[in-house]
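Take a look at the structure below.

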Amino acid sequence: MAASLHQMTAFAKIVGTGSLSAAARELGVSTAVVSRKLGALEARLGVRLLNRTTRRIALTDEGARYHEACLRILAEIEAFFQPKSLAGKRVLVTAGPTEEPIDPVRVITNASSGKMGFAVARAAREAGAEVTLISGPVALATPAGLARVDVRTAQEMFDAVKAAAGSSDIFVSVAAVSDYRVANRVAQKIKKRAGEGPRLELVENPDILAWVAKQRAAPFCVGFAAESEKLGEHAREKRARKGIPLLAANLAQEAIGSDDNAITLFDDNGEHPLGRGPKIELARKLVAHVAALMAARQRRR
Ligand code: C5P
């Protein structure tokens with residue numbers, strides 16, 4: 001079944017591209033090769049790839065909606081086959097950047113697509129958890145079956161986390177929270193003056209993850225660290241400083257905006273490289289690791 005599922009996912013990606021020539025470009029082969037391979041795959045799996053005959057509608061709104069529905073169904077099939085390692089758990093995830101206004105049109109923010117946080121939320125839900133996803137401004141569809149709360153600033157994210165953390169078993173803080181907000185924010189747009197930039201006064205935002213980790217009866221806390229160098233050194237230091245049992249570290253230049261990532265986990269037992277791959281696959285490995293650590297904790301009690 002695993003092989004077929006993998007092939008179905010590959011199928012869906014090709015369907016998603018909307019045409020044979022786009023698929024050929026993506027795969028770096030000729031359209032004849034794609035067509036032959038799809039034919040062979042159809043025969044092997046005993047399925048029919050609708051897009052081969054209906055690819056024109058893929059370019060219309062109706063076609064786009066149809067493909068969206070197919071991808072949703074496929075996601076549900078994939079979810080069905082994931083181990084239910086977090087059944088009965090409530091998981092809170094933060095994702096995306098936060099935005100700190102300077103004036104009505106300008107902001108300070110962090111580079112973050114939200115893809116990793118959304119993948120973690122999806123993987124937790126696939127594992128049987130009840131998931132709340134608190135997201136900064138991103139352009140991503142909500143994965144099926146979870147509650148999403150949209151926020152803009154770090155303070156709004158903090159308020160939303162405070163409201164949900166007490167009833168959560170696990171908190172995964174993937175958001176790239178702005179470290180600073182603007183103290184001298186103004187109500188009207190700042191006018192440009194030649195040769196002179198506005199002076200911003202910055203104040204530090206609350207560390208949301210550290211706050212949650214400090215609470216009595218805190219949920220099991222997982223942090224993320226995007227570093228540009230010395231991954232292990234910074235990750236170990238950050239895990240200790242935040243007082244959290246598990247930290248997932250990646251290199252910012254490899255992770256930001258990409259569909260793929262490479263992650264190493266740091267916990268009391270040392271370091272665990274998860275390898276490189278699509279963010280959803282790494283998120284599933286992370287979820288499995290969290291479930292194993294929680295089960296070990298339970299046994300010790
Ligand atoms: O300290 P640093 O920002 O590098 O730590 C990253 C981790 O801390 C991430 O898990 C991030 O979501 C969390 N964080 C937070 N609140 C902040 C800053 C970071 O929850 N103000």
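Three elements each give at least two residues to the shell around the ligand: helix 8 (208–214), strand 9 (220–227) and helix 9 (231–242). Helices (H or I, at least four residues) and strands (E, at least two) are DSSP runs, numbered from the N terminus. This is a predicted model, in which local features need pLDDT of at least 70, side-chain atom pairs count only at pLDDT 80 or more, and totals for chains, interfaces and linings use all residues. Residues are numbered from 1 along each chain as its sequence is written, and side-chain values use heavy atoms, with hydrogens and water left out.

Which residues surround the ligand? They are Ser173, Ala175, Val177, Asp179, Pro206, Asp207, Ile208, Leu209, Gly223, Phe224, Lys238 and Lys242 (each has a heavy atom within 4 Å of the ligand). Sorted by class, the shell has six nonpolar, two polar and four charged residues. Here Ala, Val, Leu, Ile, Met, Phe, Trp, Tyr, Cys and Pro count as nonpolar, Asp, Glu, Lys and Arg as charged, and the others, Gly among them, as polar.

Now zoom in on the backbone. A backbone N or O atom of Ser173 lies 2.6 Å from a ligand oxygen atom. For Ala175, such a distance is 2.7 Å. A polar backbone atom of Leu209 is 2.8 Å from an oxygen atom of the ligand. Taken alone, the ligand exposes 440 Å², and the protein buries 86% of that (areas by the Shrake-Rupley method with a 1.4 Å probe).

Next, the space itself. The ligand takes up the second largest pocket (more than half of its atoms lie within 2 Å of the grid points). On a 1 Å grid over the protein atoms alone, a pocket is an open set with protein on both sides within 12 Å along at least five of seven lines, whereas a cavity is a set of points where a 1.4 Å probe fits but cannot get out; lining residues have an atom within 4 Å of a point. The second largest pocket holds about 910 Å³ (the space filled by probe spheres set on points joined across faces, edges and corners). Of its 36 lining residues, Ala175, Ala176, Val177, Phe224 and Ala226 are the closest to its centre.

The largest cavity has a volume of about 50 Å³. Helix 11 (279–300) gives the largest share of its lining, three residues. That lining has nine nonpolar residues, no polar and no charged ones.

How values were computed:
A polar contact is a pair of N or O atoms within 3.5 Å; within protein, one must be able to donate a hydrogen and the other to accept it, and residues adjacent in sequence count only if both atoms are side-chain atoms.
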